Amino acid sequence: MEAGDELEARGRQLHAEGEYGAALQWFERAYETYRREGNLLAAARAARTIGWFRGWVLGEWAVYSGWVSRAQNLLEQAGAEGEGWVLLEQARGGNDLESQRRLYLAAIGWARAAGDCDLETEATASLGIMLVYSGFVPEGMAYLDEALAAICGGDVEELAVVEGCLCGLLNACERTHDVLRAQQWLGAAAGVIERRRLTAVGGYCRAHYGSILVAGGRWAEAEEELLASLTILPGGSAFRASALCRLADLRVQQGRLEEAAELLAGLDSHEDAVRPLAAIHMARGDGDRALELLERALSAGGHPDYVEAPLLALAVTAHLAVGSPEDARALSERVTDLADRQPSQYVKALAAVAKAQVCAASEGGDARACLHQAMSLFARANMPVEVERCRLDLARVLAVERPSVAIAEAMAAHRTLEQLGASRDADAA
């Protein structure tokens, strides 16, 4: 009979090759064997990995919770040896930011004292993700950067930790539209991925990365990643629905509205479907339906700034389309308030575009200066499609007073958008 560590090694190999279903079976066998061997710490590690597969790969969160609880119980039985991992799970299960922060830091301190780099890295990344999601973006990203440095330095053994931290970073970068950070870390991690022969990453991780590639104007690669994620994610899972929403967003940006609408069929209430659905309605000239969707989403409240700002910015465009300039102005001011209180160049660019649209509609203010600012901010954020869409808006503003310049700007924008595979219609997305 094979020993637990032999079974776990086989599971890790299959995991590295992207054979998630087979890997899960070997980890389940490893768990059973470790329990028979009386190795509580190894059984807890296997249980934690099984939970990771069930949750982050298959989207079975009830099963994930059960395995995580089982792992925690085994660690508690192991006593002092498992204390750090218990602290980590307590931090994850909390609902108070400051107490969770203290528990994460305690887990990190315990891991450093014990020389457990896997635990230290996972706790550091988890703390970073919590802070980003709570609106403390620079502080949270600093912890994620530290965790990724540990992975790139070869300090982390467990593949679930490697993949989970990388996926967490991509998720955080996607939410905050931090394209440059994602690209830099993926480049830095390429050597680790090659050395450890990680031929695939989890379906939802690939969906995050695909969305980042869309923002970065690398649409052929984005499509490849999004389609690959759909081959991994099981039908009916929440993660698969999110991946479909991201692919639909790409289709909208490409001007392939019918395909986008088909992908979103039955997903009207999904939070990730709001923007692509609203953009489809806008492109079809139905600003009222777009506003209904956006206002419903915004009325739910509780959105982080980097989620609320894009919804508000699209609502500005929709209000102007239906002839409600004062409502558009009020929402534009809300986007500006969001931009003023946090450092995201993406949100600041959205605020500049919204202000430019309001200025152009009212023929007051300096729309041209706002668009120049937006183009600069989008360029710094490494979002070339948005730069060119701002250039098209600029051409419209210049059309009356500087027609020759307007034509030159529009032609340059169209050329670049065609190269990127984007829809020429700046309002399509």
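Modeller: Let me begin with the elements: helices (H or I, at least four residues) and strands (E, at least two) are DSSP runs, numbered from the N terminus. The model is a predicted one, in which local features need pLDDT of at least 70 and side-chain atom pairs count only at pLDDT 80 or more, while totals for chains, interfaces and linings use all residues. Residues are numbered from 1 along each chain as its sequence is written, and side-chain values use heavy atoms, with hydrogens and water left out.

Colleague: How many helices and strands does the protein chain have by that rule?

Modeller: The protein chain has 22 helices and zero strands.

Colleague: What makes the radius of gyration of the protein chain agree with that of a compact globule?

Modeller: The radius is taken over C-alpha atoms, and the globule rule is 2.2 Å times the number of residues to the power 0.38. For 429 residues the rule gives a value near 22 Å, and the protein chain has 24 Å, so the two agree. Along the principal axes, the C-alpha atoms fill a box of roughly 80 × 40 × 35 Å.

Colleague: What share of the protein chain is buried, and what share of its contacts with a separation of 6 or more joins residues 24 or more positions apart?

Modeller: Buried residues account for 53% of the 429; the term means under 20% relative accessible area, with exposed over 50% and partly exposed in between (1.4 Å probe, protein chains only). Of the contacts with a separation of 6 or more, 58% are between residues 24 or more positions apart, a contact being heavy atoms within 4.5 Å.

Colleague: Why is L331 called buried?

Modeller: L331 has a relative accessible area of 12%, and therefore counts as buried. L331 lies in helix α18 (residues 325–340). Residues up to four places away in sequence aside, L331 touches L312, A315, V316 and H319. By contrast, R36 is 295 residues from L331 in sequence, and their C-alpha atoms are 62 Å apart.

Colleague: Helix α4 holds both Y64 and S69. Which of the classes does each belong to, Y64 and S69?

Modeller: Y64 has a relative accessibility of 18% and so counts as buried. S69, with a relative accessible area of 40%, is partly exposed. Helix α4 spans residues 61–78. Beyond its neighbours within four places in sequence, Y64 is in contact with G51, W52, R54, G55 and W56. S69 and E89 are 20 residues apart along the chain, and their C-alpha atoms are separated by 8.6 Å.

Colleague: How do you know whether H177 and E363 are buried or exposed?

Modeller: The relative accessible area of H177 is 18%, so H177 is buried. For E363 the area is 76%, and E363 is therefore exposed.

Colleague: How do the axes of α20 and α21 lie to one another?

Modeller: The axes of α20 (residues 367–380) and α21 (residues 384–398) come within 9 Å and cross at roughly 170°, which means that α20 is roughly antiparallel to α21. Angles under 35 degrees count as roughly parallel, over 145 as roughly antiparallel, 65 to 115 as roughly perpendicular and the rest as oblique. Axes are lines fitted to C-alpha atoms, for helices over the stretch in contact, and angles run from 0 to 180 degrees between N-to-C directions.

Colleague: What is the hand of the crossing of α20 and α21?

Modeller: The crossing of α20 and α21 is left-handed. A crossing has that hand if the near helix is turned anticlockwise from the far one by less than a right angle, and is right-handed if clockwise. Residues making the contact include L371, M375 and F378 of α20 and V387, L394 and V397 of α21. The contact residues divide into 11 nonpolar, one polar and four charged. Here Ala, Val, Leu, Ile, Met, Phe, Trp, Tyr, Cys and Pro count as nonpolar, Asp, Glu, Lys and Arg as charged, and the others, Gly among them, as polar.

Colleague: At what angle do α15 and α17 pack?

Modeller: Helix α15 (residues 274–283) and helix α17 (residues 305–321) pack at about 15°, with their axes 11 Å apart; α15 is therefore roughly parallel to α17. The crossing of α15 and α17 is left-handed. Among the contact residues are V274, A278 and M282 of α15 and L311, L314 and A318 of α17, and the contact divides into nine nonpolar, one polar and one charged.
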